[in-house]
Amino acid sequence: MRLLAGSCVALLALSSFAASVPVGCPGGTPGDLPSITAAVASLDLDGPHTITVSGTCTENVVLNQRERLVIQGPATIIGPAIAIAIRDGNVVLRNLVVRGTSPASRWRTTAR
């Protein structure tokens, strides 16, 4: 019984570890994921997590209810209409250039 309880506690603790995921655009580099979308899909919703991006990513990133997520560059994200859509949650963007076809979606973040 103690072994079972200890195993359950260990599994719960593992689910709360922070993850750091590298992304290399375009298409990934050895050891990196090929897109920000793939990196987001590999993470749970609650974080804390950090996605470190390099290169120029051409994609539409949609973030739904993500908590304690940092996406950082230096990188450029180019997308249709809106390159990054954040729908509820706690997301920090650092050192990124974001460009979409909509004028409202063009901005630059700074490193902190």
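Predicted model: local features only at pLDDT ≥ 70, side-chain atom pairs only at ≥ 80, totals over all residues.

A: Here is a short chat about the chain and some of its residues.

Q: Okay, how many helices and strands does the protein chain have?
A: Two helices and five strands. Those are DSSP runs, numbered from the N terminus: H or I of at least four residues for helices, E of at least two for strands.

Q: And in what order do the elements run from the N terminus?
A: The order is α-β-α-β-β-β-β.

Q: How much of the protein chain counts as buried?
A: 33% of its 112 residues. Buried means under 20% relative accessible area, exposed over 50%, and partly exposed in between, using a 1.4 Å probe and protein chains only.

Q: Switching to cysteines: how many disulfides are there?
A: The count comes to one disulfide, taking a disulfide as a pair of cysteine sulfur atoms within 2.5 Å. Cysteine 25 is joined to cysteine 57, with 1.9 Å from S to S.

Q: Which parts of the chain does that pair tie together?
A: Cysteine 25 sits in the loop between β1 (19–24) and α2 (36–41), and cysteine 57 is in strand β2 (residues 49–58), so the link ties together parts that are 32 residues apart in sequence.

Q: Why is the disulfide called right-handed?
A: Because the torsion about the S-S bond of cysteine 25 and cysteine 57 is about 90°.

Q: Are those two cysteines buried or exposed?
A: Cysteine 25 and cysteine 57 are both buried.

Q: On to the backbone. Where are the cis peptide bonds, say around proline 48?
A: One joins glycine 47 and proline 48, with omega about 10°. Proline 48 is in the loop between α2 and β2, and aspartate 46 has its place in that loop too.

Q: What about proline 74?
A: A cis peptide bond joins glycine 73 and proline 74, and omega there is about 25°. Proline 74 belongs to strand β3 (residues 61–79).

Q: What's going on with phi at glutamine 65?
A: Phi is near 50° there, a positive value in a residue other than glycine. Glutamine 65 lies in strand β3.

Q: And what is phi at arginine 68?
A: Positive, at about 55°, although arginine 68 is not a glycine. Arginine 68 lies in strand β3 and is partly exposed, with a relative accessible area of 44%.

Q: Now some contacts across sequence. How far apart are histidine 49 and leucine 69?
A: They're 20 residues apart in sequence and 4.9 Å apart in space, C-alpha to C-alpha. Histidine 49 is in strand β2 and counts as buried at 5% relative accessibility.

Q: Then glycine 55: is it buried or partly exposed?
A: Glycine 55 is partly exposed, with a relative accessible area of 32%. Glycine 55 is found in strand β2, and its C-alpha is 8.4 Å from that of glycine 73, 18 residues away in sequence.

Q: Last topic: which residues form the negative surface patch?
A: Asp44, Asp46, Glu67 and Asp88 form it.

Terms used:
Residues numbered from 1 in each chain as written. Heavy atoms only, no water. Patch = residues over 30% accessible without salt bridge, like charges linked within 9 Å, V, L, I, M, F, W, Y side chains within 5 Å. Areas by Shrake-Rupley, 256 points an atom, 1.4 Å probe, with all protein chains shown as cover. Salt bridge = Lys/Arg side-chain N within 4 Å of Asp/Glu carboxyl O. Lys, Arg positive; Asp, Glu negative; His and termini not counted. Charge placed at Lys NZ, Arg CZ, Asp CG, Glu CD.
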